[in-house]
Amino acid sequence: MNATPSATSTERAAQALTEGGLVLMPTETVYGLAADAANPRAVAAVYEAKGRPSFNPLIAHVADLEMARRIARFDARAEALAARFWPGPLTLVLPVADEAAVCDLARAGFDTVAVRAPAHPMAHALIAALGRPVVAPSANRSGRPSPTTFPDAVEETGAAAAAALDGGPCAVGLESTVVALLDRPRLLRPGAVTRAQIEAVIGPLAEAEDDAKRSPGRLARHYAPNAPVRLEATGPHPGEAWLSFGPGGDGPWNLSPTGELAEAAANLFAYLRGADRTHPVGIAVAPIPHEGLGEAINDRLKRAAGFVG
Ligand code: TXA
Ligand code: MG
């Protein structure tokens, strides 16, 4: 174990990856705990630091489409989605093309690989400096909400990192949308790129609910705080924290006073963490509209409340 790192430079961080160390990496979605995807020992250290079951595969982060095409087999649908949404918060699950570049452990033994090109300039600079893909699960310990600020990332898994990049608060605040393009296109995890945006490019998406084995990360209580979470609430019970939403909402944790879903997504995990620290009795959350980005927000909220099996 290393001492908890303070912010370092991209060059220092790339050097740490080369040496098999782990790096706290900001992305536009959430902070990741990064490792060289080709180094099984480094990847093993990521699973250990998170307490993550090794049957749950990691996302390989690439600098650009060219690097992505070296590790995964792109069909016309994958090309179209990458052209439209990369760099950005969309992960594609594709047949693996180079089994050494993203080691077996990182793929949890699957013959598929999850690939994404993050939009955050520091993430891009880090991957480009290393010159090959970087695996990066969200930097939380397994079962906890993803960190969306540098201090939260350091608190979660900083002790295991050899270097840490402070990229400020994450603009999106929710993990990437995960789409599998193996047979029929499937939405494995809703995220910042909405279902409608994806369907506009490649047509209808099949549901992933019957497909839990293929996205092992979709486990119950995956994003859970310690305090019980109560959804669709009209107000807090005594002792509860209150996460309101929209112009009528009151209190210090209004997810978006103007009722904007993008703002609510950006605030969600930070507010859940803050409320969890101060209100062990429970967290009450106002109803969030289900359209657009609301699908991803409600997905994370249901998991936080322990409703999804
Ligand atoms: O926004 C994000 O995607 C963040 C940032 C750091 O990039 N990363 C992230 O990684 O959320 P993680 O490990 O917390 O979530 C990866 C998800 C999991 O649900 C995992 O099961 C799924 O992607 N996944 C990875 N590889 C897969 C594969 N080959 N087939 C199906 N699902 C896969
Ligand atoms: Mg995660």
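User: Which side chain meets Asp75 in a salt bridge?
Analyst: Arg77 does, with 2.9 Å from N to O. Keep in mind that this is a predicted model.

User: How many salt bridges does the count come to?
Analyst: The count comes to 18.

User: What does Arg273 pair with?
Analyst: Arg273 forms a salt bridge with Asp152, and their closest N and O atoms are 3.9 Å apart. That pair links distant parts of the chain: Arg273 sits in helix α8 and Asp152 in helix α6, 121 residues apart.

User: Are those two buried or exposed?
Analyst: Both Arg273 and Asp152 are buried.

User: And which residue does Arg277 meet?
Analyst: Arg277 meets Glu155 in a salt bridge, at 3.2 Å from N to O. Glu155 is partly exposed, with a relative accessible area of 43%.

User: Which residues are linked in that salt-bridge network?
Analyst: The network consists of Arg141, Arg144, Asp152, Glu155, Glu156, Arg273 and Arg277.

User: Back to α8. How many residues does it have, and how far does it reach?
Analyst: Helix α8 covers residues 261-278, which is 18 residues. From first C-alpha to last it reaches 25 Å, close to the expected 26 Å.

User: Where does α8 bend?
Analyst: At Leu268, by about 40°.

User: What do the buried residues of α8 pack against?
Analyst: They pack against α6 (150-157), α9 (294-305) and the strands β11, β12 and β13. Among the buried residues of α8 are Leu261, Leu268, Phe269, Tyr271 and Leu272. Arg273, from the salt bridge with Asp152, is on the buried list too.

User: Those strands, then. What is the strand order in their sheet?
Analyst: The order is β10-β13-β11-β12, in an open sheet of 4 strands with parallel pairing. The edges are β10 (229-230) and β12 (253-254), each of which pairs on one side only.

User: How many bridges are there between β11 and β13?
Analyst: There are 3, joining β11 (residues 241-244) to β13 (residues 283-285) in the parallel sense. Within that pairing, Leu243 stands opposite Val285.

User: Different spot. How many residues of β4 are buried?
Analyst: 5 of the 6 residues in β4 (residues 90-95) are buried, so the strand is largely enclosed by the rest of the structure.

User: Last topic, cysteines. How many disulfides does the structure hold?
Analyst: The structure holds 0 disulfides.

User: Are Cys103 and Cys170 buried or exposed?
Analyst: Cys103 counts as buried because its relative accessibility is 6%, under the 20% cut-off. Cys170 is likewise buried, at 6%.

How values were computed. Residues are numbered from 1 along each chain as its sequence is written. Chains are lettered from A and ligands numbered from 1 in the order in which they are written. This is a predicted model: local features need pLDDT of at least 70, side-chain atom pairs count only at pLDDT 80 or more; totals for chains, interfaces and linings use all residues. Side-chain values use heavy atoms; hydrogens and water are left out. Two strands pair if DSSP finds at least two bridges between them. Helices (H or I, at least four residues) and strands (E, at least two) are DSSP runs, numbered from the N terminus. The expected span of a helix is 1.5 Å times one less than its number of residues. The bend at a residue is the angle between axes fitted to the seven residues ending there and the seven starting there. Buried means under 20% relative accessible area, exposed over 50%, partly exposed in between (1.4 Å probe, protein chains only). Contact means heavy atoms within 4.5 Å. A disulfide is a pair of cysteine sulfur atoms within 2.5 Å. A salt bridge is a side-chain nitrogen of Lys or Arg within 4 Å of a carboxyl oxygen of Asp or Glu.
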